[in-house]
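Here is a friendly walk through one protein model. Keep the structure open beside the text and find each residue as you read.

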Amino acid sequence: MKRIGVLTRDCAGVNATIRAIVRTANKYDIEVVGVLRGYDGLIDDDIILLDRRSVSGIINQGGTILKTARSKRFFIEFEQKKAAKNLKENNIDGLIVIGGDGSLRGAHVLATQYNIPVIGIPATIDNDINGVDLTIGADTAVNVALDALDKIRDTATSLERIFVVEVMGRECGYIAMQVALAGGCEEVLIPEKNFDIDRMCKEIKEGNRKGKTSWIIIVAEGKAKGRDIASIITEKTNLETRVVVLGHIQRGGHPTSIDRILAARLGNYAVNMLKDGLTDHCVSIKDGKLVTILWDRTGKKYNQGKGLSVFVDGNLAAHSTILERIEGKL
Ligand code: F6P
């Protein structure tokens, strides 16, 4: 193996992963090239050399130095063929794809339909990949959201208001639950669980009658719009609410140490696996150990409450109401 390519999605820790790949590959005298703008760049042959120096000083940077895009074109067979041809014409012996479900699905197509050796590294703030304990970017996203939430709490307490905070997570309530528990929030709404809004409103009214004046309610974007939940609360309780949508700030920021170390381990492991001839697999950490997972066993984690396991398995009893509600006991 003389030359490998890297293609990425964006979230904190992706740059640290690119760096780990380049540094590991160079140790084996393997050259690394970066594909710009994700699968669109692969179709357009937008490929640059990544030498040792080009990855200096990026370990702490959010986003991706390679830029990225959600490629609609890569769904078309004709475009896929162009991408595969470009890989071959650039003498790329193997590709490492860093990203979430969509990116990894593209990697699977290249491996199985075009015979390109490909290894995937799960990286998404949603932490919704099957068989993977933690995806790169998720820890930073939780910490970014938590930092924002602590600030919201200052004003919520001072102004005696109800805040509804919408966090990211289209199909997975991982961020919402982590933030709700770590931030000491009153309620959390996630896609994986039914939620009784009447019960919540009744409790708010009752709490308010007894002198409670502020609430922080976390809503995962995939469950409901924060503003809809807020208007129901106002309508049913007659109390003032405010809405904060945290949005894309959760995908940025300096990666936490957990994300940087995950990036270093998975980037290094991916190069080694590709060099050893593995393809159509993802690398990951399971129970603390580096593992490879056949692509078919990854895929998106739908409605399986990935985040739930931390509550069920963990001993995080600090916030018993949320905890019990999440576990379905309340
Ligand atoms: O999948 C990661 C994610 O950040 C989701 O949490 C969010 O719903 C989505 O991407 C946003 O996508 P886009 O940046 O394309 O709007």
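## A loop residue: Asp10

Let's start in the loop between β1 (3-8) and α1 (14-27), where Asp10 has its place. The model is predicted, so every value here is computed from it. Is Asp10 buried or exposed? Its relative accessibility is 18%, and since buried means under 20%, Asp10 counts as buried.

Which residues does Asp10 touch, leaving aside those up to four places away in sequence? They are Gly63, Thr64, Thr68 and Arg251. With Arg251 there is also a polar contact: the two side chains are joined at 3.2 Å. Remember Arg251, as we meet this residue again at the ligand.

## Around the ligand

Now turn to the ligand. The residues surrounding it are Arg9, Arg70, Thr124, Ile125, Asp126, Met168, Gly169, Arg170, Glu221, His248 and Arg251. Try to pick out each of them in the structure.

For Arg70, an N or O atom of the side chain is 2.7 Å from a ligand oxygen. For Asp126, a polar side-chain atom lies 2.6 Å from an oxygen atom of the ligand. For Arg251, the distance from a polar side-chain atom to a ligand oxygen is 2.9 Å. How much of the ligand does the protein bury? Taken alone, the ligand exposes 400 Å², and the protein buries 77% of that.

## Helix α3

Helix α3 covers residues 77-89. Its 13 residues should span 18 Å at 1.5 Å a residue, and this agrees with the end C-alpha atoms, which are 18 Å apart. The buried residues in α3 are Glu79, Gln80, Ala83, Ala84, Asn86 and Leu87. Looking down the helix axis, you would find these buried residues within an arc of 155°, so they line one face of α3.

That buried set packs against α2 (38-43), β4 (94-99) and α4 (101-113). On the face of α3 turned away from the buried side, you can find the exposed residues Phe78 and Glu89. Just after the helix comes Asn91, with a positive phi of about 55°.

## Helix α8

Which residues of α8 are buried? They are Gly226, Ile229, Ala230, Ile233 and Thr237. Seen down the axis, the buried residues of α8 fall within an arc of 100°, so they too line one face of their helix.

What covers this buried set includes β6 (162-167), β7 (187-189), α7 (197-209), β8 (215-220) and β9 (241-245). The face of α8 turned away from the buried side carries Arg227 and Glu235, which are exposed. Just after α8, Asn238 takes a positive phi of about 70°.

## The whole chain

Finally, step back to the protein chain as a whole. There are 11 helices and 11 strands in it, and 56% of its 330 residues count as buried. Among contacts with a separation of 6 or more, 74% are between residues 24 or more positions apart.

The accessible surface of the chain comes to about 14600 Å². Carbon and sulfur atoms account for 48% of that surface.

Definitions and conventions: Residues are numbered from 1 along each chain as its sequence is written. This is a predicted model: local features need pLDDT of at least 70, side-chain atom pairs count only at pLDDT 80 or more; totals for chains, interfaces and linings use all residues. Side-chain values use heavy atoms; hydrogens and water are left out. Buried means under 20% relative accessible area, exposed over 50%, partly exposed in between (1.4 Å probe, protein chains only). Helices (H or I, at least four residues) and strands (E, at least two) are DSSP runs, numbered from the N terminus. The arc is that of the directions from the helix axis to the C-beta atoms. Contact means heavy atoms within 4.5 Å. A polar contact is a pair of N or O atoms within 3.5 Å; within protein, one must be able to donate a hydrogen and the other to accept it, and residues adjacent in sequence count only if both atoms are side-chain atoms. A residue is near a molecule or strand if one of its heavy atoms lies within 4 Å of it. Accessible areas come from the Shrake-Rupley method with a 1.4 Å probe; for residues, only the protein chains shown count as cover. The expected span of a helix is 1.5 Å times one less than its number of residues.
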